[in-house]
Amino acid sequence: MPMQLYFAPGACSFVPHVLLEISGARFEPSMVKLHKGEQYEAAYKAVNPRGQVPVLVDEGQVITQLMAIVLYLDQKFPASGFLPTDALPRAKALETLAWMNNTVHTTFTHVFLPHKFSDQAEVQLALKSYNTSLYTGLLSELQDLVLASQAAGQVGLSGAHFGPLDAYTLTLTRWGSMAGIDPEGYPALWAFVKQVAAHPPFARVIERERLQLNLFKPV
Ligand SMILES: N[C@@H](CCC(=O)N[C@@H](CS)C(=O)NCC(=O)O)C(=O)O
């Protein structure tokens, strides 16, 4: 039975979607239309009661949470080298992955889904604008990570090839463009994201998810 990935176009599920594509394994991508609220429908809640993507199903077991899925795929496909194996570089890669997941991602959630944090319209507006300004700083931090990895002669953020950190970087930069942050304002980050997007497995997922990389609209 092939693995099954529940994903939503452009969501954080892009990260495991790319890893599965890189692995060359057979998998079944199942689209969840978040904008239509499919994540709250009984059929999906039966898979993930938390109503979120990504979800990976393997050997009849449901795995949720991006960090857990990335670690699972890393162990399942050691030849793909998604994460470094030596203790220190591995810890540094996980440090960055955790920061992306628990800080950058959740800051954007305050911008994109402020109703998750308050039921009051004026509080939601304040959350949106304050977290958008925080997000600009986080994109600068992300750009610094890209510059540091390039200075160290690395191809991807965690080493010799592109992997989960690079897929997340693309996703988080694209989300910034959705929030009205011009990616051209982060030249090194934006050049890196375009390079990552052109890498064949990433390009195939971008096509499958029908993603536009830059959603920034000047006002
Ligand atoms: N902590 C979770 C967060 C997952 C998450 O935020 N998923 C978003 C898409 S990026 C989602 O499904 N949102 C729909 C919703 O919460 O209604 C993880 O790392 O997997």
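Biologist: Which residue forms a salt bridge with Glu 21, and how far apart are the closest N and O atoms?

Modeller: The general idea is that side chains of opposite charge can pair when their charged atoms come close. In this predicted model, Glu 21 forms a salt bridge with Arg 208, and the closest N and O atoms are 3.0 Å apart. This pair links distant parts of the chain, since Glu 21 lies in helix H1 and Arg 208 in helix H8, 187 residues apart.

Biologist: And where does Arg 204 come in?

Modeller: Arg 204 meets Glu 21 in a salt bridge too, at 2.7 Å from N to O. Glu 21 is in helix H1 (residues 14–23) and Arg 204 in helix H8 (residues 200–208), so this pair ties together parts that are 183 residues apart in sequence. Taken together, Glu 21, Arg 204 and Arg 208 are linked in a network of salt bridges.

Biologist: Is Glu 21 buried or exposed?

Modeller: For that, look at relative accessibility, where under 20% counts as buried. Glu 21 has 12%, so Glu 21 counts as buried. Its two partners are another matter: Arg 204 is partly exposed at 41%, and Arg 208 is partly exposed at 36%.

Biologist: How many salt bridges does the structure hold?

Modeller: Five. One of them pairs Glu 95 with Lys 92, whose closest N and O atoms are 2.8 Å apart. These two are three residues apart in helix H4 (residues 87–112), which means that about one helical turn separates them. Glu 95 is partly exposed at 45% relative accessibility, and Lys 92 is partly exposed at 44%.

Biologist: Now for the ligand. Where does the ligand sit, and which residues are closest?

Modeller: The ligand sits in the largest pocket. It is surrounded by 15 residues, the closest being Tyr 40, Val 53, Gln 65, Leu 66 and Lys 116.

Biologist: Which polar atoms lie by an oxygen atom of the ligand?

Modeller: When you read such contacts, check whether the protein atom belongs to a side chain or to the backbone. Leu 66 uses a polar backbone atom, 2.9 Å from an oxygen atom of the ligand. For His 105, a polar side-chain atom lies 3.1 Å from a ligand oxygen, and for Gln 52, a polar side-chain atom is 3.3 Å from a ligand oxygen. As for cover, the ligand has 510 Å² of accessible area on its own, and the protein covers 87% of that area.

Note on methods:
Residues are numbered from 1 along each chain as its sequence is written. This is a predicted model: local features need pLDDT of at least 70, side-chain atom pairs count only at pLDDT 80 or more; totals for chains, interfaces and linings use all residues. Side-chain values use heavy atoms; hydrogens and water are left out. A salt bridge is a side-chain nitrogen of Lys or Arg within 4 Å of a carboxyl oxygen of Asp or Glu. Helices (H or I, at least four residues) and strands (E, at least two) are DSSP runs, numbered from the N terminus. Buried means under 20% relative accessible area, exposed over 50%, partly exposed in between (1.4 Å probe, protein chains only). A residue is near a molecule or strand if one of its heavy atoms lies within 4 Å of it. A polar contact is a pair of N or O atoms within 3.5 Å; within protein, one must be able to donate a hydrogen and the other to accept it, and residues adjacent in sequence count only if both atoms are side-chain atoms. Accessible areas come from the Shrake-Rupley method with a 1.4 Å probe; for residues, only the protein chains shown count as cover. On a 1 Å grid over the protein atoms alone, a cavity is a set of points where a 1.4 Å probe fits but cannot get out, and a pocket is an open set with protein on both sides within 12 Å along at least five of seven lines; lining residues have an atom within 4 Å of a point. A molecule sits in a cavity or pocket if more than half of its atoms lie within 2 Å of its grid points.
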